[in-house]
Amino acid sequence: MSPSPFAPTAHERHKEAVTARAHAVTLAATVALSLVVVALFVTLVVRAAPALSGALLWENPADKGKAGGLWAPLIGTVWLVVLSVLLVTPVGVAAAIYLNEYARPGPTTRVISLAVTSLAGVPSIVHALFGLGAFVLFAGLGASLQAAACTIAVMNLPVVIASAREALGSVPHAFREACWNLGASRWHTLRTVVLPNSLGGILTGVIFAVSRAAGETAPILFTGAVFFRAIPDGVPARLAPYGLDDPFMALAMHLHVIATQVSQMPPERTYATAVVLVTLVLLINSVAVVSRLRLRKHRKW
Amino acid sequence: MTAHLECRKLSVSYGGVRALDEVSFEVPRRSICAIVGPANSGKSSLLKCLNRTIDFVDTAKVTGEVLLDGTAVSKLRDVLGLRRRVGMVFPLPVGLPMSVYDNVAYAPRSRGVRAKAELDVIVERALRQAMLWDEVKDRLALLGTRLSGGQQQRLTLARALSMEPEVLCLDEFSIAIDPVTTMRIEEVLHELKRTTTIILATNLVQQARRLADQVVFLNAAKLVEVGDVVSMFERPRVMLTSRYLGGAIG
């Protein structure tokens with residue numbers, strides 16, 4: 001009896017085997033990655049459990065962080081993030097618009113793009129020293145909230161520019177041409193068609209950049225973050241306890257110091273601080289993820 | 001009578017590569033001029049010179065002149081105004097990501113028309129002219145990108161007509177739409193000819209024969225022959241023209 005004409009050939013069997021192996025390897029990598037994240041978070045929460053409470057969030061630290069809560073560093077980080085976003089967004093988005101919509105391709109544009117990419121590769125400790133030299137000393141801002149926010153903003157600039165360029169680039173070129181053919185200027189086209197349809201993507205990129213900034217220690221180490229600073233009590237004062245030119249407390253800095261320099265620190269408090277920091281970052285990220293999902297649902301083409 | 005539109009030794013090159021080589025011809029007012037020729041013969045580059053959207057192509061270099069009513073377009077200060085006088089419809093339908101109404105009101109708004117009543121009149125007139133009104137009048141708030149391909153192509157036409165251009169350029173307007181819609185748009189063009197000069201770049205030789213008063217034949221960036229539609233199809237002077245229009249090539 002002859003073999004069925006539809007039986008797989010050796011080549012087809014080989015292709016199937018290769019496909020199956022590729023599937024398995026990529027799946028394994030994905031599972032391993034997820035396991036790391038879950039293991040990290042579960043370990044943190046389990047070890048931090050004895051110290052976790054509402055008071056941990058609301059009370060101010062006392063006795064070098066061995067008592068009290070995390071309110072002062074938490075609100076410091078929030079303000080740091082808010083200020084650096086306000087600084088980096090207009091500059092980064094404007095630069096992205098220039099590079100993507102106006103600049104003619106040529107040596108100058110290539111050099112600028114290269115500079116932006118290189119800025120992204122600069123280690124954060126170098127950014128910290130740059131911030132110390134440029135903002136704290138040269139610009140005379142002093143070690144303060146504003147100097148730290150400027151430093152974080154510079155560090156995030158390339159990330160914001162890259163994601164904003166990507167968002168602008170995702171608007172089809174045909175839309176721009178259609179507008180130009182109708183007698184719209186470059187700027188009018190940007191304002192009426194390109195920006196409204198890329199704003200969501202730009203904001204998502206900004207939020208991701210921000211969440212990274214919230215966890216950075218090095219750039220604020222020399223530029224304004226301190227381990228302890230008494231802040232006023234009472235509700236309105238607690239929400240904005242630091243002036244722009246005051247040194248401030250921040251979660252990442254707090255964690256760095258209690259983990260390495262405070263003796264007889266109860267370990268569950270260190271873990272609890274880490275949990276609060278990671279949760280804050282995840283919360284900011286989830287805002288970006290949700291906004292990206294909503295965006296996909298409301299795609300207009 | 002001077003020509004409405006004239007190209008004088010018009011050349012375009014992209015980074016040293018010639019796309020259009022010293023092309024000269026005239027188009028009389030209120031006539032249809034078909035530009036025919038195979039791919040890469042320079043049809044689209046020529047059209048882009050007419051409303052100066054070629055300015056947006058960074059690598060393009062243009063020499064020679066396009067004259068509109070005797071004035072060189074390169075000398076015009078108001079380029080945006082030129083683009084409203086010379087309307088353009090592309091090969092592929094492009095509904096802008098906004099409502100049908102906003103699509104058609106885009107050009108009048110960017111010119112500064114704000115009054116709702118005035119815009120309503122313009123939108124309805126343009127959509128009626130493009131034979132789209134009956135299909136969309138009850139859903140003007142629908143996204144332009146949600147219309148069918150043929151409807152989007154007529155929307156593109158309506159957008160161009162909203163500016164009441166004196167010259168209307170169409171670049172292969174029928175390649176993405178069905179024959180029925182194509183015939184309807186051809187009727188529209190016949191109608192528009194009473195007020196508008198129409199330049200039609202097309203791959204379809206029969207379409208040129210149906211519509212055009214004058215035919216310009218381009219090949220490999222050069223103008224091969226130009227003449228009225230009857231003499232071009234019946235008594236072409238150049239062998240290549242007779243072979244191309246007669247269907248021996250392509």
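Predicted model: local features only at pLDDT ≥ 70, side-chain atom pairs only at ≥ 80, totals over all residues.
Local features need pLDDT of at least 70 and side-chain atom pairs count only at pLDDT 80 or more, while totals for chains, interfaces and linings use all residues. Residues are numbered from 1 along each chain as its sequence is written, and side-chain values use heavy atoms, with hydrogens and water left out.

Chain A brings 22 residues and chain B brings 24 residues to the contact (heavy atoms within 4.5 Å). About 2,000 Å² is buried between chain A and chain B, with 64% of this area given by carbon and sulfur atoms; buried area is the accessible area (1.4 Å probe) that two parts lose on being put together, summed over both. N181(A), L182(A) and K300(A) supply 35% of the area that chain A buries against chain B, more than any other three residues.

One salt bridge is found across the interface (a side-chain nitrogen of Lys or Arg within 4 Å of a carboxyl oxygen of Asp or Glu). R104(A) and D58(B) form a salt bridge, with their closest N and O atoms 3.4 Å apart.

The structure holds zero disulfides over all chains (a disulfide being a pair of cysteine sulfur atoms within 2.5 Å). For C179(A), the nearest cysteine sulfur is that of C169(B), 18 Å away. The sulfur of C7(B) is 7.6 Å from the closest cysteine sulfur, in C49(B), which is too far for a bond. C179(A) counts as buried because its relative accessibility is 0%, and C7(B) counts as buried at 2% (buried means under 20% relative accessible area, exposed over 50%, partly exposed in between; 1.4 Å probe, protein chains only).

How values were computed: Chains lettered and ligands numbered in written order.
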